[in-house]
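Open the model in your viewer and keep the selection panel at hand. We will go stop by stop.

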Amino acid sequence: MTTFLGMPATAPRGVGHLRGDQTFPRAAREALQNPQLRRNLRHATTTIRGKSGRVIAELPDWQHLRDAGSAIKADVMSRLPDLLVQLEEKVTAAGGVVHWAADANEANAIVTGLVKATGSERVIKVKSMATQEIGLNEALEAAGIAPVETDLAELIVQLGDDRPSHILVPAIHRNRSEIREIFLKAMPGVDPALTDDPPVLAAAARRYLRETFLSTTVAVSGANFAIADTGTLGVVESEGNGRMCLTLPDTLITVMGIEKVLPTWRDLEVFLQLLPRASTGERMNPYTTMWTGITPGDGPQSFHLVLLDNGRSAVLADPAGRSALHCIRCSACLNVCPVYERTGGHSYGSVYPGPIGAVLSPQLTGIADNASLPFASSLCGACFDACPVKIDIPSMLVHLRNQAPHPAAEKAAMVTAARIMDRPRLYASAQRAAKTARIAGRRGRGLPPPLSAWTAGRDLPEFPKQTFRDWWAQR
Amino acid sequence: MSSRDLILDRVRAALRDAPVVPDVPRDYRPAGTNKADLDVLVDRLVDYKAQVYRVTSAEVAATVAGLVGEGGAVLVPPGLPAPWRPEGAFADDGLTPDRIAAADAVLTAAAVAVAETGTIVLDASPDQGRRIITLLPDVHIIVLRPSQVVASVPDAIAHLDGTRPLTWISGPSATSDIELNRVEGVHGPRHLHVLLLTD
């Protein structure tokens, strides 16, 4: 692929985790064979939907907050270059250093170089989708630097040599007894009498990471937002691992997608209400840390902000798709999606699973590399209703389906259908002929090839014994 | 071409259609809509497993001593009002992380509290101290003046200076990572006590 300098570019191949090894239908077929996975996901998503619904109902102005959140994000995208330059100025004035990374490779090289310059052979990490997206852990390991994930779910994924399957709770596919097994097997110094009681499991993580927090001099984080008019960055979290990483080390390196910038400090009054209630279903998450550059005597004395493009400019270039960049990574759309609840996050291949992943991943990589994802939906629209910034995911899925390559058989079938529908007599006899499908493809079975491609993921509808036209004629 | 210029050029090229966006509708409840309701704050704090005590400022030191127990080491920021300071407390004057972690509890003031969400915000003022001192001890005790309580998140944003180091605290450290059930007590303080002043 040739790109011209300065033209929007998709995320490069061969680095990071935006592309799966197989198509969605293949991966989903495997996942659906796992009843434990489906039980875990059903339990977890049902729990979170209930919690989230209850705290959202407490706010009389939730819909107004959604309208404001959506409009603020659209405003950000329309003047992104100015806001990024303003953010850079403010962060620099506050003592931070701003780096620009055109893609995953450059971001990984910048972070690895910064860590190496400190002489540290280990970094502590706060859960960050951006660093998962670019495959930072692999890059650090290749450079002889050990990344330690400190979020409980990320730790479960890392110790289990697993992949994240949810934006908010990367280990949502694991239940308590599986987590106990992983800890017993892979957590150094773990108590062999560990039970699967969640408070006991959380306490084991606390003990295991305490010393690491106190002795590691470099941290890597993502950011939930950056305020252009103050240079303030924020991380929203629960456990206190974020506070540890953002407060204790000498050096803090934050990797943030360029779409996360917000214009003004005041805009936070919208997003700090939308995010926790849509995400964990809490009125407010336990901890939020905000920092502006460096504060002498308090927290890291060296701060680096890495602004990441990695395909975002390509998403922005499509007027019908750019609002996917409004996403605040709350995962509400995953939790309400009937497809996600059954297939789990791994089936999507990308670190961004679920409805938002089905639109964001193909746009970041270019549709050819994730062509099956826009079809990983029943277009029921629950994601649109749940999205706190009102991203119209269903319309975007349809838009992307039109861009995806279509099989020749589908095109031939559509041409034939168009011809038949143009000719009333032909149409009537075709309807009658369709009755023979009752014999050819019994309910629940598929059509013969090449039409089997269509019925592989769908039930063949049951045709009535009599067509409407026949019934009308005999009436 | 630097990556900075490359990215900015790409973004400008992506916006060649010059999208026109309408003004942001702010029809939600803005700052100043409601007066803070202390009972709502207490209800929210308790719901998220914080312990709340309503005391006079004269009772703060004794209440803290009672919470920590005999011989308990209480860490305080350098600017904590002297009358609040329990006997034997030690002040942070640039202590090492190990010394801070060895404290049984830390006692601080706060900047703002949000009734609707049960959130207390620290802004690292002298009566709250460096961020590290409220992070490592297992017990965090916060003294809150009623005048610091606001109704909503927009009220808090209007009160705060975004350029100070801010820590927003809603209950003790917690996680929902195991089957999405909330479990209190992971890396931050496992116990949060709030002393709401009645005078």
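Two strands count as paired if DSSP finds at least two bridges between them. Keep that in mind for the first stop; note too that this is a predicted model.

**Stop 1: a strand pair in chain B.** Select residues 74-76 and 105-108 of chain B. These are strands S2 and S4, which run parallel and are joined by two bridges. Pick out B:Leu75: opposite it, in S4(B), stands B:Val106.

**Stop 2: the whole sheet.** Now widen the view. S2 and S4 belong to an open sheet of six strands in chain B, with parallel pairing. Read across it in the order S1-S12-S7-S4-S2-S3. Which strands stand at the edges? They are S1 (51-55) and S3 (90-91) of chain B. Each has a single partner strand, so one side of each is left without a neighbour in the sheet.

Stop 3: Select B:Ala110. Among its contacts beyond four places in sequence are B:Ile120, B:Val121, B:Leu122 and B:Ile142. B:Leu144, B:Gln128 and B:Gln148 also touch B:Ala110. In soluble globular proteins, nonpolar side chains tend to be buried together.

**Stop 4: where the chains meet.** Show both chains. The contact takes 79 residues from chain A and 59 from chain B. On the chain B side, the elements giving two or more residues are H1 (3-14), H5 (153-159), S9 (166-169) and S10 (174-175). H1(B) supplies the largest share, eleven residues. By class, that side of chain B has 30 nonpolar, 16 polar and 13 charged residues.

**Stop 5: strands across the contact.** Select residues 287-292 of chain A, which form strand S9. Four bridges join this strand to S9(B), and the two run antiparallel. Zoom in on A:Met290, whose bridge partner in S9(B) is B:Leu166.

**Stop 6: the annotated spans.** Colour residues 86-293 of chain A, where an unreviewed UniProt entry places "domain: LUD". This span is 44% helix and 20% strand, with its end C-alpha atoms 14 Å apart. In chain B, UniProt lists "domain: LUD" (unreviewed entry) at residues 99-197. Here the figures are 10% helix and 34% strand, and the end C-alpha atoms lie 29 Å apart.

**Stop 7: chain A as two domains.** Finally, colour chain A by its domain assignment: domain 1 is 10-405 and domain 2 is 408-474. Taken over C-alpha atoms, the centres of these two domains are 45 Å apart.

Definitions and conventions: Residues are numbered from 1 along each chain as its sequence is written. Chains are lettered from A and ligands numbered from 1 in the order in which they are written. This is a predicted model: local features need pLDDT of at least 70, side-chain atom pairs count only at pLDDT 80 or more; totals for chains, interfaces and linings use all residues. Two residues are in contact if their C-beta atoms, placed from the backbone, lie within 7 Å. UniProt positions are given in the numbering used here, feature names are shortened, and annotations may be inferred rather than shown by experiment. Domain bounds come from an automatic or database domain assignment. Ala, Val, Leu, Ile, Met, Phe, Trp, Tyr, Cys and Pro count as nonpolar, Asp, Glu, Lys and Arg as charged, and the others, Gly among them, as polar.
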